[in-house]
Amino acid sequence: MSFKTTLAVLASSAVVMAANHDISVGPAFSYTPAITTAVAGDTLTFRFTSNNHDVVSGSADSACRPSETSFYSGLDVSGKTFVVTVNNTDPIYFYCSIPGHCQGGMVGGVNVPESDLATYRTAAAGESDSQAPAQVQGGILASSSSGSSSPATTTGTASSPASTASSIRTSASAAASSGSAAAGSASASASASPTQAASSGNSLLCQQNFIVSGLATALASLAFWAGLL
């Protein structure tokens, strides 16, 4: 693969970036938008303005209950964001676990048909309480102003544009250095070859001259003895 082709492949890879989907939490019993469509690698950013709400993911058949792989923002969320990475296109249902909120219709979904979310909302209204994991999990809770994150388990990772660009620059630099080294080696070989060829040529010429000189001497000697006879 040529150097230009390598750069083209790296550049095309960098263009394929994951999308982010902002979801506003509250202030009423709602997530906006209530339904989001996302693919693997995308991120969901839940934005909080107060500690009056949280977000927990669950399953379609257990409204207001966390699933085994739930993400949970925790309750200390005022002025923060909770970022979750989407691992596949399976439906995700989420709700607020504050007492009465899930039952009041504060639910949402990812890759969920509107009719299915309506069914989930109806089932939630009949639940007596809401449950949530014991601690923050499945995402990154961060201050929306400083960007600093609190310890939390992430569901996946996605390369940032800056790190991708840095990787491309590093690869390009390394390739360029390799090209320069190869060119230098070729130049050195090219400059050395004429000298070696000239040296070999001079040696051969000396040998030929020595042989010719020897033959001339031998012929002169034969002519001298022939004259005496």
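Colleague: Hi! How much accessible surface does the chain have, and what share belongs to carbon and sulfur atoms?
Modeller: The chain has an accessible surface of about 13300 Å², and carbon and sulfur atoms own 60% of that. Such areas come from the Shrake-Rupley method with a 1.4 Å probe, and for residues only the protein chains shown count as cover. This is a predicted model, where local features need pLDDT of at least 70 and side-chain atom pairs count only at pLDDT 80 or more, while totals for chains, interfaces and linings use all residues. Residues are numbered from 1 along each chain as its sequence is written, and side-chain values use heavy atoms, leaving out hydrogens and water.

Colleague: Okay! How many helices and strands are there?
Modeller: Three helices and ten strands make up the list for this chain. Both are DSSP runs numbered from the N terminus: helices are H or I with at least four residues, strands are E with at least two. Starting at the N terminus, the order is α-β-β-β-β-β-β-β-β-β-α-β-α.

Colleague: And what share of the residues is buried?
Modeller: Of the 229 residues, 28% are buried. Buried means under 20% relative accessible area, exposed means over 50%, and partly exposed is in between (1.4 Å probe, protein chains only).

Colleague: Let's look at β8. Which way do its residues point?
Modeller: Strand β8 covers residues 92-95. Ile92 and Phe94 point one way, Tyr93 and Tyr95 point the other way, and all are buried.

Colleague: Which strands pair with β8?
Modeller: One of them is β5 (residues 56-59), which runs antiparallel to β8 and is joined to it by three bridges. Two strands pair if DSSP finds at least two bridges between them. In that pairing, Gly58 stands opposite Tyr93. Strand β9 (residues 107-110) also pairs with β8, in the antiparallel sense over four bridges. There, Ile92 has Val110 as its bridge partner, and Phe94 stands opposite Gly108.

Colleague: Where do the β9 residues point, then?
Modeller: Val107 and Gly109 point one way, whereas Gly108 and Val110 point the other way, and all of them are buried. β9 has another partner in strand β3 (residues 35-36), paired in the parallel sense over two bridges. Val110 turns up again here as the bridge partner of Thr36.

Colleague: Switching to α2: which of its residues are buried?
Modeller: Leu117, Tyr120 and Ala124 are the buried ones. Looking down the axis of α2, these residues fall within an arc of 55°, so they line one face of the helix. That arc is taken from the directions from the helix axis to the C-beta atoms.

Colleague: What do they pack against?
Modeller: They pack against β3, β5, β6 (62-66), β8 and β9. On the other side of α2, Thr119 and Thr122 are exposed.

Colleague: One last stop, Ser130. Is it buried or exposed?
Modeller: Ser130 is buried, with a relative accessible area of 18%. This residue sits in the loop between α2 (114-125) and β10 (140-143).

Colleague: Which residues does Ser130 touch?
Modeller: Leaving aside residues up to four places away in sequence, Ser130 touches Cys64, Arg65, Tyr95, Cys96, Ser97, Cys102 and Gln103. A contact here means heavy atoms within 4.5 Å.
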